[in-house]
Amino acid sequence: MRRMQPTLAVVAMAVLFGACVASAAELHLATLRWEIDTATGQVAAIGAPDAPRGGVRIFDGRADGPCELSISAATPQADGIELTAREAAGDLLVRQRIVQHADHVMWSVTLENAGDEERWLQVALALPAPLTDGSFWDGQLETPLSAGDRQAGGLVFWFPAAAVYDAERGLVVGIEPSQVFSFLGSAVEVADDASVLSFSARIVLPPGAGETVEFFAAEFAGRWGRRDAVQRTYDLFPAAWWPAEDIDPRIVGPGRYLRGSNANRDLQIEQARRLLIGWDWAYAPFQTPGDWYPDERFWDDAKGHPGSLDKHYNAAQGTLEDYRRETRIRCHEGRRAAAILFYVLPQQCEWSLLEEAFPDSFWVWPDGSHPGPRQGWIKTDANPALAMPWNTSYGQETLRDFARILEDFRPSGFAFDTCHGGRRYYGPAQEGMRGRAWDQYGSFVDESVALSNLLDWVHDQQVEGLRAGTCLNGPHVYTLGRRADCVMFEPSPLRYTNYRARQWPVRLLAGHKPLVWHKGYPYWLNEMVRWQELEAEQIQEAFRGMLDYTLLRSLVMGAIPSNDFWGVPRMVEWGRILTGLCRAGWQPVPALSADERLWAARYGEGTRSVLVLCNPTREVVSADVAVEARYLGPGSYIACGYEGGRVDCTFDADATNFTATIEPHGAGLWQAALRLLADGPLSGRGWLEVPDTRDGRFSIRASIHLDAPAQARVRLAIPKGAAVEGVAVNRAPVEWRLVDGAVEFDAALQAHNTLVVASWPRVLIPDAQAVLDFPFMAEGEPDCTIVIPDDASEAERFAAERLAVYFDYYYRRQQHPSGVVWELDDVPGLEILVVAADAPAATGHVVMIGRSEDSLIAPHCVQLQETLAEALIARRPDGERDVLAIAGRSDAALAAAMDELVALLDERYPYCGVMGDGEVYQKAELDGRVLDW
């Protein structure tokens with residue numbers, strides 16, 4: 001299908017209302033073409049003269065009818081056209097700014113109320129499309145176009161766009177997603193030869209006020225239906241669907257509770273690493289809901305506070321200063337293990353506080369009443385009630401509290417619980433707020449608008465040199481999903497209740513960001529398995545089946561199961577993979593065609609694209625796989641296994657093809673790591689191989705056979721942190737450059753080509769087995785000393801502490817393998833001494849940690865200096881003792897070396913928790929044991 005050059009043409013000049021205006025303007029997308037009648041504002045599909053007309057439509061909620069507009073001017077612009085209109089019988093002024101982009105149209109509608117009364121308006125953009133046999137997706141539900149006209153509206157689970165499509169093409173119309181509205185709508189009108197798709201937002205316009213609603217329209221391939229519409233929306237507005245920049249990167253990944261004590265915050269470094277805790281939700285770290293940073297006005301010594309343990313209730317007595325001191329330790333020290341997210345529910349405030357201090361802040365229903373308190377929620381001694389946290393005295397207090405929290409406790413950001421949205425507030429605080437709407441009861445503002453304002457404020461703050469981040473529990477509104485950096489989905493994927501129906505809407509609203517399943521198989525076991533009637537092996541098999549489903553569902557949905565790691569070693573390994581995938585970014589269109597029994601998913605972009613196939617059946621499935629290249633980015637692609645193994649591919653301008661065999665309940669992962677970009681289409685076959693090595697120089701190899709020689713730009717993804725030494729094409733060196741974690745070069749490719757990229761690992765480990773055999777401890781006692789430079793940097797001291805804590809935590813867990821971290825306080829530990837001086841102060845074997853140029857460690861780093869690696873882990877004899885050198889050329893390289901070292905040591909010193917000790921685990925003969933899965 002030939003792609004038409006997008007244009008907007010102004011034709012046939014005429015005189016209308018005394019002004020010189022164009023009588024028509026044309027919009028062109030790939031195959032869809034529209035003509036705008038600038039005298040009326042109506043939009044017709046070119047080539048379908050009898051089809052219904054579209055255009056900007058404005059509905060008056062008070063008059064319960066459409067606003068009649070008269071176009072007074074049509075002004076050509078460099079990139080589009082502007083239409084000016086006035087309400088025929090009223091004081092509403094409307095300006096339409098229509099801008100043609102290369103692959104989409106932006107259509108801004110600015111309304112100004114020149115009258116004396118508040119206006120309730122619903123503003124829609126309607127566009128015709130020659131589609132009658134396909135489907136209509138209203139932003140939530142899909143119905144066939146054959147069902148006829150349909151309209152829908154709301155906010156909860158509503159994607160900010162709607163679409164019509166068939167198997168060949170589609171049209172998506174929506175709003176630019178950074179805008180905040182309290183009500184969205186969509187509709188379709190179906191005629192004999194076309195349909196008209198519209199998307200709308202409701203606004204409240206006070207006298208003298210103005211507001212702009214910015215719409216977009218784009219065409220897409222219809223192959224993947226509504227997923228294609230979502231993908232187009234993500235691609236057009238990327239900033240709305242990725243995490244905020246410059247936040248603590250650990251927020252974009254798995255999280256759960258550290259459950260430590262202020263006495264053992266160091267042990268949490270290992271607990272978090274081994275069980276993949278990137279962020280700690282730090283549940284209810286305050287005394288009273290609504291008093292987020294307590295001060296003397298509301299503090300109650302008798303009520304208690306969480307104390308020195310990560311408990312969810314007020315378990316300790318003490319003064320306000322006791323509370324602040326304990327919370328500082330929890331946040332300041334805990335952030336070394338995970339990103340501490342201060343837990344809040346800003347739309348909930350203790351009833352007594354609302355009555356005494358913030359009477360203007362009660363939530364207001366349509367009849368003027370207030371919701372009553374919910375006893376025992378959030379904390380057992382709490383009585384919170386729904387409150388308006390913006391544009392009220394309580395809202396001002398909340399912002400002050402948030403600022404004090406960030407200044408004093410310095411968490412990495414905030415965790416917003418039950419951050420769903422969807423409740424409508426009808427009280428006076430809505431005046432002056434953006435995003436107001438109306439319904440049959442009057443004007444209102446949605447809860448999500450207030451929460452969005454708070455989230456915007458959070459993202460504007462700095463903590464420890466980073467932007468404050470956010471993790472939200474189950475956002476049900478697009479404005480909240482946009483403002484999340486990570487999304488916690490509280491139920492397990494296994495729970496077959498109404499929660500399951502929420503999974504995909506929340507997934508789409510979260511964009512490319514990860515979902516984190518908060519609760520795993522132990523929570524809903526009684527709902528799904530009649531374990532009381534089963535034998536031990538049958539219960540174990542039920543556990544394995546739930547893990548199978550959880551893993552495959554997570555791979556398909558871009559999710560990470562936070563609580564299924566405990567006691568399941570294989571799930572820990574998969575958790576690391578899922579974390580990497582989710583940080584690359586989940587994509588709505590899988591772009592994979594294979595056996596219909598398989599589930600498909602895709603992550604990342606370009607040469608970082610990862611392709612996933614899951615087999616939910618009990619049979620081995622072998623399939624021919626076709627990858628649609630247009631979704632990965634321009635060019636032709638060759639894939640390799642996720643771990644770098646060779647895959648034989650064929651390719652052309654449209655697709656990459658290979659065969660795959662997926663085991664029952666298993667998954668296959670591939671990376672489209674090599675891209676060929678030429679002036680014309682390419683076709684041929686090839687393979688790519690990326691070796692897994694850390695012991696020295698290695699070569700990434702590719703073989704490419706083209707059907708015709710071509711000059712091409714080649715881009716090849718390299719392992720994270722690897723240093724490229726040189727690139728050769730057909731044994732001849734070529735000039736190369738690094739672009740977005742890939743090596744890129746230009747080459748004149750022949751019919752048969754070999755590519756070699758010589759590289760060094762970031763962390764060089766010449767003899768991994770020697771490192772594993774190093775005598776860190778013997779017979780329950782330390783057998784080495786950790787030595788750091790006298791003037792060690794913070795990074796060097798922390799690296800030494802990480803290694804000491806590694807063995808202290810491991811040793812304690814051998815004696816107490818189950819339970820939370822604070823229970824380790826009474827378990828004897830293993831203290832490896834860290835000294836800031838060279839031998840003779842260090843007796844026995846020595847671990848030297850530091851920058852490679854430091855005089856202390858430099859003699860042990862000769863191997864590093866001869867390579868392009870950034871760090872070294874090497875064991876060598878030194879007289880009667882052994883020295884293990886852990887050195888980096890920089891602080892960042894030293895941290896990377898420690899990451900590699902502890903991951904390597906896990907092979908000899910494994911620990912991922914054990915199963916619980918409840919009745920079900922006892923009957924399954926798994927209590928205190930590891931599940932073989």
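User: Where is Leu-276 found?

Analyst: Quick heads-up: this is a predicted model, where local features need pLDDT of at least 70, side-chain atom pairs count only at pLDDT 80 or more, and totals for chains, interfaces and linings use all residues. Residues are numbered from 1 along each chain as its sequence is written, and side-chain values use heavy atoms, with hydrogens and water left out. Helices (H or I, at least four residues) and strands (E, at least two) are DSSP runs, numbered from the N terminus. Leu-276 is found in the loop between helix H2 (267-274) and strand S21 (279-280).

User: Is Leu-276 buried or exposed?

Analyst: Buried means under 20% relative accessible area, exposed means over 50%, and partly exposed is in between (1.4 Å probe, protein chains only). Leu-276 has a relative accessible area of 10%, so the label is buried.

User: What is phi of Asp-740?

Analyst: Most residues other than glycine have a negative phi. Asp-740 sits in the loop between strand S49 (737-739) and strand S50 (742-749), and its relative accessible area of 66% makes it exposed. Its phi is a positive value in a residue other than glycine, near 50 degrees.

User: How are H5 and H6 oriented to each other?

Analyst: Axes are lines fitted to C-alpha atoms, for helices over the stretch in contact, and angles run from 0 to 180 degrees between N-to-C directions. Helix H5 (residues 393-408) and helix H6 (residues 447-459) pack at about 30 degrees, with axes 11 Å apart. Angles under 35 degrees count as roughly parallel, over 145 as roughly antiparallel, 65 to 115 as roughly perpendicular and the rest as oblique. H5 and H6 are therefore roughly parallel.

User: Which residues in H6 does H5 meet?

Analyst: Contact here means heavy atoms within 4.5 Å. From H5, the residues are Thr-398, Leu-399, Phe-402, Ala-403 and Leu-406. In H6 they meet Leu-454, Trp-457 and Val-458.

User: Which are the edge strands of the open sheet of 6 strands?

Analyst: Two strands pair if DSSP finds at least two bridges between them. The order is S52-S58-S59-S57-S55-S56, with mixed pairing. Each edge strand pairs on one side only, and these are strand S52 (763-764) and strand S56 (834-835).
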